[in-house]
Amino acid sequence: MTATPRLRFAPSPTGPLHIGGARTALYNWAAARAQGGSFLLRIEDTDRARSTEESLRQILAGLRWVGIDWDEGPEVGGAHGPYFQTERLELYQRYAQQLIDGGHAYECFATPEEVQEGREKLQAAGQRPMYDRRHRDLSAAERDALRAERGPGSLRFRMPLDQQWTLPDLCKGDVSINLAELDDWVMIRPDGMPTYNFACVVDDLEMGITHVVRGEEHLMNGFKQAVLFDLLGAAAPQYAHIPLILGKGGKKLSKREASVDILEYRDKGYVPEAVFNYITLLGWSFSGDQDVFSKQEMLAKFRIEDIGSSGSKFDDEKLRWMSGDYIRRMDPAELVERVRPFVGEAIPAAVFDAAPGLVRNAVACYQERIELFAEIADKVAWVFADAVSFDDQAQKKMTKHADVVPHLAAYADLLESSNLPSSDPAARAAADAAFPLPSKQGAEPVAEPCMGPAALEAQLRAFCEERDIKFGHVVHPVRAALTGTTAGPGLFDCVFLLGRDKAVARLRAAAASNG
RNA sequence: GUCCCGUUCGUCUAGCCCGGCCUAGGACACCAGGUUUUCAUCCUGGUAACAGGGGUUCGAAUCCCCUACGGGAUACCA
């Protein structure tokens, strides 16, 4: 019965895409996709002074990064273009003329000072401050005189007065207002540029938009636009004005508590699917007991009507948790791929290419220990570095177990004569292939080309028994010696990753500097 | 000031439209235990909420009214 839905996201390129904008885009996108409709992007660049190419690029990149694509709009074209408002000026003029002819718009010559003065008067009288409609009913002669004296005026909308208007809102329900509360708002500026409300209506009409999801700061604009649609003899889209995203304090999200620019999340290494998931959850819930869901799952259930009507606060902690959750569930091969842009110097590019097995193993060892892609760099650096330096905790462990330090050299000797994988990234492909890390307890291949984590553990346990030292006391200094830290993957995964030469060298270095 | 919207654990929310299944469920965070060579993961358990006040009703988180608090809008910005 209803036509296929057409929704849009209509940002103005005056800054980067922020979290709130991304969520708005997301809901519009989802509503379209869920119903097999179209999603388009329209650029509202009528504010020429503030619009920039750079902002546009950032917005498009931000949308793509969270996984939002569009059927019509910049870079993809479409049958309802152009998709930049500054390229549609003639269209607005045509509609403006139609409205003038129909008596629904009039020219206003009031100076900014006069408008302001009128506002203050109303305010003082306890009424809503707005344009006092002083030029609403000018005679033709008065109009001509003013134009001759002051030049072209702005085109204002002749708001029907004293009329109760109810706006059916998909999110808020029916919202009513007396139209007299609304301004005779400016549709076209004296320079011919349309304002937001006017261009928006013309475009939504021309582009066949059926639903509009947008922030609740536009609720009042919803009335203005709906009335205009009515006077144009057209049906307004179904509006859904959704609550804003707030910061921890319940105030507008500020840069202090969270990144406002969506691309900052990309740069910090958040998993985009998690950002998508989390943002979706800010005001919409998949089900009573499931927070993590795929796009496909979401689309199967999404309905605009289910978007919550109360504001929500942005919680970076949960976002991070969710990012980590996505990482944990990722295929290790994919993780390696996606972590690559973030490793910097920690894993030299040459090693990345020459020793995929080693890199895979190293990264996989940290899969459940990171929440952001970017965290991998610092974590794995010790594997690929030439030597390590101890952090405070590691140094403490070393001094605390000073009695076992002498044994480190002996352990080094033992490893030196053992069949460990090589420390040379290029010479250990078979070893890394034979032992996918992190090693699971109990499992160990039989026909292995070298010692694996389990064999290494057995070896060290025997070593301790021979020398009558506590296994638990050796483990910590060894870990510190090898990795420079006290936390990390299983100790024998660490030994394995390092390979013989590096493990031996680090044990000896630690023994020397702490003995 | 005026108009509009909102208010369930610290946070995101389920439940509310179509009153009883709600001794209010889930998730993050937090606390306690377990697994473990460390960290992390994982598992088990716990703390914790219907803004307040009036109605309506046999019965209200759910319906109505008032108050308080929060947010938004009050532009020739979007």
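Predicted model: local features only at pLDDT ≥ 70, side-chain atom pairs only at ≥ 80, totals over all residues.
A residue is taken as buried when its relative accessible area is under 20%, and as exposed when that area is over 50%.

R133 is not a glycine, yet its phi is positive, at about 60°. The residue lies in the loop that runs between α4 (112-124) and α5 (140-150). The relative accessibility of R133 is 16%, so R133 counts as buried.

A positive phi, near 60°, also occurs at D468, again a residue other than glycine. D468 belongs to the loop between α19 and α20 (471-483). Because the relative accessible area of D468 is 70%, this residue is classed as exposed. R133 is thus buried, whereas D468 is exposed.

Cis peptide bonds were assigned from omega. The bond joining G81 and P82 is cis, with an omega of about -5°. P82 is located in the loop between α2 (53-66) and α3 (89-101). A cis peptide bond also leads from L437 to P438, where omega is near -5°.

Technical notes. Residues numbered from 1 in each chain as written. Chains lettered and ligands numbered in written order. Heavy atoms only, no water. Helix = DSSP H or I, 4+ residues; strand = E, 2+ residues; numbered from the N terminus. Buried < 20%, exposed > 50% of the residue type's maximum accessible area, 1.4 Å probe, protein only.
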